[in-house]
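Here is a quick tour for anyone opening this one for the first time. Take a look at the model, then read on.

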Amino acid sequence: MTALSPAESGAFIVKNAKFLKVNEDGIKNLTKEVINGIQRKDIDVENFSQHQYHPKASDPHAPNWIFLLDTLNFCFWTPGNATKWKVKGETGYFSLCAAINRALEEGIDITNPAYYSKITLEELENILRSDDGVTKAPLLEERVQCLHEVGKTLLEKYDGKFENCVKACAGSAVALLELVTREFPCYRDEATYGDKRVAIYKRAQILIGDLWACYRGEGLGLFNDIEKITMFADYRIPQVLVHFKTLEYSAELMETLKAGTLLENGSAEEVEIRGASIYIVERLKQLVLEELKANHPDLSSKNVNAVLLDHFLWDYRRKNAAELEYIPFHKTISVYY
């Protein structure tokens, strides 16, 4: 069964959702927040939040660095009161960035698939070692499997260079999304919902978004259809969407989340949360573009796409973490996000 695209999946899931509902008024209110963010230049490709951690576009290893990062970019949350995995004082996603850069500084050829396609568990454990020397990065064995899988294919088909995957797609983000999810199964973030196969593709899309942002939409990052990429459905952005009342959980689902119950990857509850996130950001994008055209012709629409809207919402959660703590986030153990 061929999967619906992420945008189609989001619309189908929301239409049939049983555990949540989407509020149009909340999306309209969030639109105002986004317009303010564009005016403040918080939402701007030139201000991309993670640029300080990513390599410069002039770095010839940038494509392989980004591909490695997003191959490992999943499941950083810590259960209960367990000690957080930290690298150079960073947690979560940024600790992964710090660990990769530390490995490079130590002379480890970590971005080379010839190295990581054969990496051992012990080697990766050392590369991802925590500041306290005790806490281990989560899902180490799964991360090793992902590296072996993508490294082997990259060497056999693309001369060990992710940029060759990008160049094969001739400036199409959709073509690159199809290539990545076809060639690298650990990026194939799909589920069965109702009678449809739905695609979320969180890591495959963030991979494209990271390339676009690193190269500022030019050169290797020039995609003539970047607007077809949707947001990167994870476990944190839904907190922001609930906070702004764009998303409302049923009493049953809210109790499940408050109890910290693990949701199985592919379960209806998990798929609905992620699918609704995609739908809301697609609708948000549409409303922002309409508002810019009608009332803010001085503001550029080039900064209105799901890549930048996602990072705006993700950064909002980080900046307001304490304030948003009242909203539980769903917990799933998965290599997909």
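Let's start with phenylalanine 67, which is buried, at a relative accessible area of 0% (buried means under 20%, exposed over 50% and partly exposed in between, using a 1.4 Å probe and protein chains only). Keep in mind that this is a predicted model, where local features need pLDDT of at least 70, side-chain atom pairs count only at pLDDT 80 or more, and totals for chains, interfaces and linings use all residues. Residues are numbered from 1 along each chain as its sequence is written, and side-chain values use heavy atoms, with hydrogens and water left out.

**Aromatic rings**

- The structure holds 13 aromatic pairs; rings of Phe, Tyr and Trp (its six-membered ring) pair if their centres lie within 6.5 Å, with planes under 30 degrees apart counted as stacked, over 60 as edge-to-face and the rest as tilted.
- Phenylalanine 67 and tyrosine 187 are a stacked pair, because their ring centres are 5.9 Å apart and their planes are at 10 degrees.
- That pair links distant parts of the chain, 120 residues apart: phenylalanine 67 is in helix H3 (residues 62-71), and tyrosine 187 is in the loop between helix H9 (173-183) and strand S4 (190-193).
- Helices (H or I, at least four residues) and strands (E, at least two) are DSSP runs, numbered from the N terminus.
- Tyrosine 187 is buried as well, with a relative accessible area of 1%.
- Tyrosine 93 and phenylalanine 94 make an edge-to-face pair, because their ring centres are 5.2 Å apart and their planes are at 80 degrees.

**Charges over rings**

- Arginine 236 lies over the face of phenylalanine 329, at 4.0 Å from the ring centre.
- Arginine 274 has its charged end over the ring of tyrosine 337, 3.8 Å from the centre.
- For a charge to sit over a ring, NZ of Lys or CZ of Arg must be within 6 Å of the ring centre and within 35 degrees of the ring normal.

**Helix packing**

- The axes of H9 and helix H10 (residues 202-214) come within 9 Å and cross at roughly 135 degrees; axes are lines fitted to C-alpha atoms, for helices over the stretch in contact, and angles run from 0 to 180 degrees between N-to-C directions.
- H9 is therefore oblique to H10 (angles under 35 degrees count as roughly parallel, over 145 as roughly antiparallel, 65 to 115 as roughly perpendicular and the rest as oblique).
- Residues making this contact include Leu176 and Val180 of H9 and Leu207 and Leu211 of H10, where contact means heavy atoms within 4.5 Å.
- H3 packs against helix H4 (residues 92-105) at about 135 degrees, with the axes 10 Å apart, so H3 is oblique to H4.
- Among the residues making the contact between H3 and H4 are Trp65 and Leu68 of H3, and Tyr93 and Leu96 of H4.

**Loop residues**

- Leucine 262 is in the loop between helix H12 (251-258) and helix H13 (268-295), and is partly exposed at a relative accessible area of 47%.
- Leaving aside neighbours within four places in sequence, leucine 262 is in contact with Trp77, Lys331, Thr332 and Ile333.
- Most residues other than glycine have a negative phi.
- Leucine 139 has a positive phi, near 50 degrees, and lies in the loop between helix H6 (121-127) and helix H7 (140-158).
- Alanine 170 also has a positive phi, near 50 degrees; this alanine 170 is in the loop between helix H8 (162-167) and H9, and is exposed, with a relative accessible area of 64%.
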